Amino acid sequence: MRTLYRLRRILRIAIPVILQSLLDLLAMTVSFLFIGELGSEVIAALGAAVTFFMYLFVFSNILNVGTTAIVARKVGAKDWQSASRLLSSMLLATAVLSIPLSILMFWGRDSFLLLFSLNERAFSLASQYLYIVLWSLPFFLFKIVIAAAMTANNDAITPFRIKTLAVGMHVILNSLLITGNLGFPALGLMGAAVANLVVNILESLLIFVALWRSKKRLRLCLCFEHNLTLQAFKIGIPSGLERFSTFSSMTIISSFIAGYGESVFAGYLIGGRIEAFVFMPAFGFMVAAMSLMGQNLGAHKVYEAKRSTYLTLVLAMSFMGLLGIVLILFPITISRPFSFDDSVLQSASLYLFYIGFSQVFFAMNMVLDGALRGAGATKITLFVNALSIWILRIIPASLIVFWQGDVWLIYLLMSVETTLRALVFWTLFQKGVWHRESLY
């Protein structure tokens, strides 16, 4: 009976988070499908702009992890007043910090776009797209904080429902504003930007109203808890740095793969797109592990925290193992919708084949990383992830490129590094670093 109770708690968080993440990917894919009809220059402009905007997730990760860890801890202790005050404080801090962050991103967008060697028209389109979308930055961050608090309070279904509405609005607005259906002006890439701006604002307002009317004991107030907010940022900042390190390493690996030729790089990008969908279940289980760890430690249930993490680990590894088998056995089949070029398909299948073997260990990484974050041990996760990726992945990959090794060696290296990192996380978790009082 206890196992069934834990299972329900895990799935109540993981399933809506997985579906919500898939909806985000669907919305992005829809935009690319509409934009794809406008030519390669517009596609390149959108790709460069989206890459720039992705770095905003470094900051959003700080807010997400910090809010989740503290709110979950307070919910576990049944201290909803402190949880509410922390949420209100984080929203106020987000409002203040979004001003200099917006100015920085407005000011730096053109310098970043220079890295992509875009022609004059594509550069101008990308800059205009970002100018419009960046006005949504405060709203984007607000909804991240509120959704994190709701999920930590065992209410992942409300953000999912709102996300469903938002994606529906996104598809409709893209259809109307990009291609000019039903008499609307055909704005092209600027239409996608306007749609993005409108949806972010509406989604933020909807989740704010849902929180205001919620009966889940989280309440907004005009207050600022200095100590709790500092604690949340202390937990969240290492996660933000970890995300920045990961993005940077991905950029470097992409540059290595690009050196092997256009078809190899195209195949790698297709493999990465497929991997993004495969990633979502592991992400959902990671959020479940993070939330339940915080709640159980807040309630001083160390044994329950450990057992919940183990069950989350079994579920994630089993599910991701099945997906790994699909990647290994049918890589060309699942790549075919993205290209008709046989050489590109072969390249994509090579990448998917090798990463398929590491999916079980990738799940272990995600769940244990999430559990440690929920315990507040984000400095450890930063250290392990950064050290492993840069020493065991980037440096050896650069040597492979230098010695002109085959590209499959880089893919094998990525799979091996994921496996070794999972074993390090397992060792640390078994040693109990997550429940030492000094970590929080």
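What follows is a chat about a predicted model of a protein and some of its helices and loops.

Q: Before we start, what kind of model is this, and how are residues numbered?
A: The model is predicted, so local features need pLDDT of at least 70 and side-chain atom pairs count only at pLDDT 80 or more, while totals for chains, interfaces and linings use all residues. Residues are numbered from 1 along each chain as its sequence is written, and side-chain values use heavy atoms, with hydrogens and water left out.

Q: Great. How many helices and strands does the protein have?
A: There are 16 helices and zero strands. Both are DSSP runs numbered from the N terminus, with helices being H or I of at least four residues and strands E of at least two.

Q: And what is its radius of gyration?
A: The radius of gyration is 22 Å, which agrees with the value near 22 Å for a compact globule of 440 residues. That radius is taken over C-alpha atoms, and the globule rule is 2.2 Å times the number of residues to the power 0.38. Along the principal axes, the C-alpha atoms fill a box of roughly 55 × 50 × 35 Å.

Q: How much of the protein is buried?
A: Of the 440 residues, 54% count as buried. Buried means under 20% relative accessible area, exposed means over 50%, and partly exposed is in between (1.4 Å probe, protein chains only).

Q: Let's zoom in. Where is glutamate 304, and is it buried or exposed?
A: Glutamate 304 is in helix 11, residues 302-329. This residue is buried, at 6% relative accessible area.

Q: Which residues does glutamate 304 touch?
A: Leaving out residues up to four places away in sequence, glutamate 304 touches Arg2, Arg6 and Asn296.

Q: What sits in the loop between helix 10 and helix 11?
A: Histidine 300 lies there, with helix 10 covering 262-298. Histidine 300 is exposed at 72% relative accessible area, and its phi is positive, about 60°, although it is not a glycine.

Q: How far does helix 16 reach?
A: Helix 16 (residues 407-430) has 24 residues and reaches 36 Å from first C-alpha to last, close to the expected 34 Å. The expected span is 1.5 Å times one less than the number of residues. Glycine 432 follows helix 16, with a positive phi near 80°.

Q: How far is leucine 23 from leucine 130?
A: Their C-alpha atoms are 22 Å apart in space, and the two are 107 residues apart in sequence. Leucine 130 is one of the buried residues of helix 5.

Note on methods: Contact means heavy atoms within 4.5 Å.
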